Amino acid sequence: MASAKRIAKELQECESSPPEGVTLTYSETNIHVWTITLQGPAGTVYQGGAFTLTLTLPTEYPFKAPSVVFNTRIYHPNVTNDNAGNICLSILKPENWKPASRIKGVLEAVRQLLVEPQPDDALEARIADEYKNNRAEFDKNAKSYVQRYAKGGAGADSSK
């Protein structure tokens, strides 16, 4: 029950003072699953896109890290280039997770990945290589994905 109390407190914190470009919804019947809409940060190849993510909090939260996945396809070295949308983010790794970590910090870290990808900690080696060695091609591909998948406002085309 302490988990639900902590989650409710952090939910209220995220609603009253959300991270930049983030909106969230959740079900009253399951406070452990949140739907996040992340606006592509200005000045990035993701600008103009709206990305839908699912944040799932384990029953052991805050002692176990939440999981965050992109439902909207995205061309990014730290996100699997498939319908799973798994994210490689150091704060979420079991060895790095701290019970004092906050959901708001996780959301800010996910947004920061769009501002500054981490190609040296990539899930998609080919995309990371392109990011490091052919930035113009990476930018073109990332913008193409935004146009194709993230322009519906809620990632409506994410399954294509």
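**Aromatic pairs**

Mentor: Tyrosine 75 and phenylalanine 138 are both buried. The model under discussion is a predicted one, and in it the count of aromatic pairs comes to seven. One of these pairs joins tyrosine 61 to tryptophan 97, with 6.1 Å from centre to centre and 45° between the planes, so the geometry is classed as tilted, given that angles under 30 degrees would count as stacked and those over 60 as edge-to-face. This pair connects distant parts of the chain: tyrosine 61 lies in the loop between β3 (50-56) and β4 (67-70), whereas tryptophan 97 lies in the loop between β4 and α2, and 36 residues separate the two. Tyrosine 61 is buried, as is tryptophan 97.

Tyrosine 75 and phenylalanine 138 form another aromatic pair, likewise tilted, with a centre-to-centre distance of 5.8 Å and 40° between the planes. Here too distant parts of the chain are linked, since tyrosine 75 belongs to the loop between β4 and α2 and phenylalanine 138 to helix α4 (residues 135-149), 63 residues apart. Tyr75 and Phe138 also belong to one aromatic cluster, together with Tyr131, Tyr145 and Tyr149.

The loop that holds tryptophan 97 and tyrosine 75 runs between β4 and α2. Helix α2 itself covers residues 103-115 and has 13 residues; the span from its first C-alpha to its last is 19 Å, close to the 18 Å expected at 1.5 Å a residue. Buried residues of α2 include Ile103, Val106, Leu107, Val110, Leu113 and Leu114, and Lys104 and Arg111 of this helix are buried as well.

Conventions:
Residues are numbered from 1 along each chain as its sequence is written. This is a predicted model: local features need pLDDT of at least 70, side-chain atom pairs count only at pLDDT 80 or more; totals for chains, interfaces and linings use all residues. Side-chain values use heavy atoms; hydrogens and water are left out. Helices (H or I, at least four residues) and strands (E, at least two) are DSSP runs, numbered from the N terminus. The expected span of a helix is 1.5 Å times one less than its number of residues. Buried means under 20% relative accessible area, exposed over 50%, partly exposed in between (1.4 Å probe, protein chains only). Rings of Phe, Tyr and Trp (its six-membered ring) pair if their centres lie within 6.5 Å; planes under 30 degrees apart count as stacked, over 60 as edge-to-face and the rest as tilted.
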